[in-house]
Every structure is written in C-alpha cells, then in structure tokens.
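Here's a walk through the model on your screen, going from the overall layout to individual residues. Keep the viewer open and click along as we go.

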Amino acid sequence: MLRKTVLCLFIACFASVRSIEIPDGLIDETAAACMKETNVDKAKLSEMFDDDFHMKYPHDVTSKFMECAVGKVDYFHEDGGFNKDVITKDLAKSLPNFVADKIDNEKAAEMAKEIYHECGTPKGENSIEKVANFHNCVMVELKKKKTAA
C-alpha cells in the first residue's frame, strides 16, 4: 500500500512539473536578449506557461524574464495604459505560432486588433502582472475563436 502511495505521489509530482515547449517563432531578438541576460534557457522559459500556454504569475521565471522584456519594449504608456501600436504589432507577429490555419500578415493584424479590443485594458498590480493577464486573455480569446493550434 505504501509503495502505491509513493508511486502515485511521484506521478503527481512529475505531471505537475511538466511544461510545454516554446515555439522557435516566439524567440525574437528581445526574448533572446532577455534569455541571455537572465540566464534562462528555452527549457526554463517553458516553465512560465501551463499546458494551455497561460502565463504563470506569480512565478520566479516569469517575473525575472518579463521584467527584462518590459524594460526593453515600450509595452506601456507613461499613464500605465498599454501601448496599443506596439502590442498589436507584436501580437500580429506571434499569432501564426498559435493558430491552426496559416494566416497572412493582414489577417494576423486584423486578429491582433480584435483580440486587443477584448484584452487591452491593463489589469494587475504591476507591469508584469498586467502583461501576464493580457497574455492569458489572448490565449482565452484564441480558444474562443477556435483557431488555436
């Protein structure tokens, strides 16, 4: 009985620490620089996300990596609101990694604007939490559109 319990606990622990693989298309210049600066490799970066690609927050890797990224990209205006132009441009570039069907740049830009409309109000106590909540909203919206891979 004890052996079965230990085995079940081991399986539960293994299942809870597994992570997804980050698509290469998401490792842009900023991500690569932040990976180097924060000493976070691709496997460690994967720990930031759950199986639905929702960003984990609070999470040590998320905080460390996103603090670097937010420092390099103008995601926010001075008033704390999102910089719509920067975010929709980045979102449009990343969408092909998340949709099942191939989309061209025009369709990606259109989808990015639609998603931003739903997710563009910053929610959170700090910039990292706001970015994490935005990212998670994007994943929910993609799932609603049934275009997620």
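A residue is called buried when its relative accessible area is under 20%, exposed when it is over 50%, and partly exposed in between (1.4 Å probe, protein chains only). Asn 39 comes out at 69% relative accessibility, so it counts as exposed. We'll get back to that residue below.

Some ground rules before going further. Residues are numbered from 1 along each chain as its sequence is written. What you see is a predicted model, in which local features need pLDDT of at least 70, side-chain atom pairs count only at pLDDT 80 or more, and totals for chains, interfaces and linings use all residues, while side-chain values use heavy atoms, with hydrogens and water left out.

How confident is the predictor? pLDDT is its confidence in each residue, on a scale from 0 to 100. The chain has a mean pLDDT of 86, with 85% of its residues at 70 or more. Residues 1-18 are a stretch where pLDDT stays under 50, and there the model has 1 contact beyond four places in sequence. Contact here means heavy atoms within 4.5 Å.

Now the layout. The chain has 7 helices and 0 strands, which reads as α-α-α-α-α-α-α along the sequence. Helices (H or I, at least four residues) and strands (E, at least two) are DSSP runs, numbered from the N terminus. Of the chain's 149 residues, 36% count as buried. Take the contacts with a separation of 6 or more: 58% of them join residues 24 or more positions apart.

Next, the inside. In soluble globular proteins, nonpolar side chains tend to be buried together. A nonpolar core, as used here, is a set of buried Ala, Val, Leu, Ile, Met, Phe, Trp, Tyr and Cys residues joined through side-chain atoms within 4.5 Å. The largest one has 40 residues, and Met 48, Phe 53, Phe 65, Met 66, Phe 134 and Leu 142 have the most contacts inside it. At least two residues of this core come from each of α2 (29-38), α4, α5 (84-94), α6 (105-119) and α7. Helix α7 gives the largest share, 7 residues.

Stay with α7 for a moment. Leaving aside residues up to four places away in sequence, Phe 134 touches Phe 82, Ile 87, Leu 91, Tyr 116, Cys 119 and Gly 120. Val 138 is also found in helix α7, and its relative accessibility of 4% makes it buried. Over in helix α5 you'll find Thr 88, which is buried with a relative accessible area of 10%. Thr 88 touches Ala 112, Lys 113 and Tyr 116, again not counting residues up to four places away in sequence.

How do α4 and α7 meet? Two packed helices are described by the angle between their axes and the distance between the axes. Helix α4 (residues 60-72) packs against helix α7 (residues 127-144) at about 95 degrees, with the axes 9 Å apart. They are therefore roughly perpendicular to each other. The contact is made by Thr 62, Ser 63, Met 66, Glu 67 and Val 70 of α4, along with Ser 127, Ile 128 and Val 131 of α7. Under 35 degrees counts as roughly parallel, over 145 as roughly antiparallel, 65 to 115 as roughly perpendicular, and the rest as oblique.

Finally, the loops. Asn 39 sits in the loop between α2 and α3, and its phi is near 55 degrees, a positive value in a residue other than glycine. In the loop between α3 and α4 lies Phe 53, another non-glycine with a positive phi, about 65 degrees. Phe 53 is buried, at a relative accessible area of 9%. Pro 58 is placed in the loop between α3 (42-46) and α4, and the peptide bond from Tyr 57 to Pro 58 is cis, with omega near 0 degrees. Met 55 is found in the loop between α3 and α4 and counts as buried at 8% relative accessibility. Its C-alpha atom is separated by 6.8 Å from that of His 135, 80 residues apart along the chain.

Note on methods: Axes are lines fitted to C-alpha atoms, for helices over the stretch in contact, and angles run from 0 to 180 degrees between N-to-C directions. pLDDT is the predictor's confidence in each residue, from 0 to 100.
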